[in-house]
Amino acid sequence: EEPMSKQRNTPLMDWWLRKWQLMLYTVLLLIASVGNTVFFKRMTNAMPNYGWYLTQLSTMIYVPFFACMAGTGITQQADVKLVKKFAIMGVFDGLSGTFMVLGGVHTSGTLQVLMGQAVIPVTMLLSVLLLRKQYHILQYVGATTIVLGIVLDKVMTPSGGLTEENWPVSNIFFAMAILPQAVSTVFKEIAFRGYDGDLDVNVLQFWVAVFQVAVNFICMPVYTLPMLGTQRVPLEEMPNIALGGSKCLFVGQDQVVENCGLPDEKPCDNCEKALVPVFMYLGFNLLLNIFAVLVIKHGSAALSFLVSTLRMPLSALAFSSTMIMGAEAAAFRLHDFMGLVTILLGLASYRLGSRQLKRQLKAEAAMTEQIPSPTFASPASPSDISDSPGVRPRGSDWKLMPVFATGSLNSGQPQFVLVHAPKPKARSADLVRRNLIGRVGVASPLSSPQFRHHFESREPHDMTLTGLES
C-alpha cells in the first residue's frame, strides 16, 4: 500500500513543485523589473555627464556573455543573409538605447515608466501599416487610452512640463527611443520567415549586441547637437568621455569639477557614489532578462505582460520613496496619479481585447487552417490571409523565442523572435519500449527469472536493447 500511495502523491507533488517554481520566478521577475527601472534612473543621475559611456557599457557586457553561450555557432550558423538581418535589429536597438539614455538624464523616473508604455500603441500602428494587421476594438481603445494617459501627465505638469527633473528636449529624446524599439519588435517577427534552418537565439543575440556597440560609435555626433544644452559634448572630446567615465566609475575620480553646478552649466561629478547604482542596474537588467525567459518558458507570455503591468505602480511608488531613492526621491503628484490610472485602464482594455481576439482566432483557424502570428496577436484581413506576413501556416512549426533586451531601459514588454521550431527526432523502438515500461511503472516481462537465462550468454549491449540494464 505504501508504494501505491507514493505513486498517487507523486503527480500532485510535481504539480505543486512546478506551481511554486513558477510563482518564485514571477515574484523575482517583478522585483527585477522594478529594480531595473529604478536603478536605470539612479545610474543616469549618478553619471549625468557620461551618457555615451553608459550606453556602451550596458551593451558591451552582453557581447562576451552571448559569445560564451553561442560558442562556435557565432561563425558556423551565421551566413551573410542572417548577419544582415542581425545588423538591422542591432541598428534599431542601438538607436533606442542611445536616445533612451540621452533623454533619461532629465526625464523623471515616473514619466519614464509612463512613456515606456507607448511602445504598445506604436508597435500596433507599425503592425497595421507594415504587416496589414487588424486588432480587436478593445485593443484600439486600450492603445488610445495609453497615449491619452501620457499626454494627460505632461499637460497637467506644472509650468507646461518644464521642471527641474523634466526638460522638454530630454523628454523628446526619451520618446524618440520608442520608435526604433517598436520597429525592432515588428522586424523580429518577420525577419526569419524565409529561413528554414535551426537558429540559435544566442547567436542572434551576440550579433545584435555587436552591431549595437557599432551603432553607439556611429551615433557619437548626436551628442554634439546644440539643442542638448549642458549635455552637449564636442566631437573632439568624445574619446575623453570613455576614459573619464572609466575613471569616474571604477576609481571614483571626479572629472568634471570646474565650471559646473550652476543652472546653465554641467552638473559636477560625484563619482564616489557611481559604482553601486551602475552595477545594480546592470545586475537587475541581467536578472530581468533571465527571469522573463524563465516565466515565459514555465508559464506564458501573458504572465510576463501581467508583471509588466504591476511594475508601473510599484515603480512609481519606489521613485517617491526616500528609502529607495534617498535624496533623489520625487513627490508622487496628482498628475502622475491620474496619468498612471489612465494608462492602467488602457492596459486592462488592451489585455481584455487580446483575450477576446484569441477566442476569435481559434474559431477562424478551424475554417481557414491558418494561424496568425501571436506577437501582439492580430489576424490579417480575410483578403490578405494567404500572403500576409502576419500569418503563418499551421504545419510550418514556428515558435516564438524570448530574447534579451540589451542596452536600454527594458519597457517591461517581453521581446520575441519568430523562428522555426527544432525538427522532432524519431524515437527508436527501444526508447519507445522503455518509456512505456517507465510510464506503467513495472519491470519488463523479459526480466522474469524464467526468461533471464536466455540472455546470460549474450553480449551486454543485447541486454541493453531489451531494457534489462540496471
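D93 is buried, with a relative accessible area of 15%; buried means under 20% relative accessible area, exposed over 50%, and partly exposed in between (1.4 Å probe, protein chains only). The model is predicted, so local features need pLDDT of at least 70 and side-chain atom pairs count only at pLDDT 80 or more, while totals for chains, interfaces and linings use all residues. Residues are numbered from 1 along each chain as its sequence is written, and side-chain values use heavy atoms, leaving out hydrogens and water.

**Salt bridges**

The structure holds two salt bridges, each defined as a side-chain nitrogen of Lys or Arg within 4 Å of a carboxyl oxygen of Asp or Glu.

K188 counts as buried because its relative accessibility is 5%. E189 is buried at 3%, and K133 is buried at 3%.

**A contact across the sequence**

A70, in helix α3 (residues 62-70), is buried at 11% relative accessibility. A70 touches D200, N202 and V203, not counting residues up to four places away in sequence; contact means heavy atoms within 4.5 Å. A70 and N202 are 132 residues apart in sequence, yet 5.1 Å apart in space, C-alpha to C-alpha.

Definitions and conventions. Helices (H or I, at least four residues) and strands (E, at least two) are DSSP runs, numbered from the N terminus.
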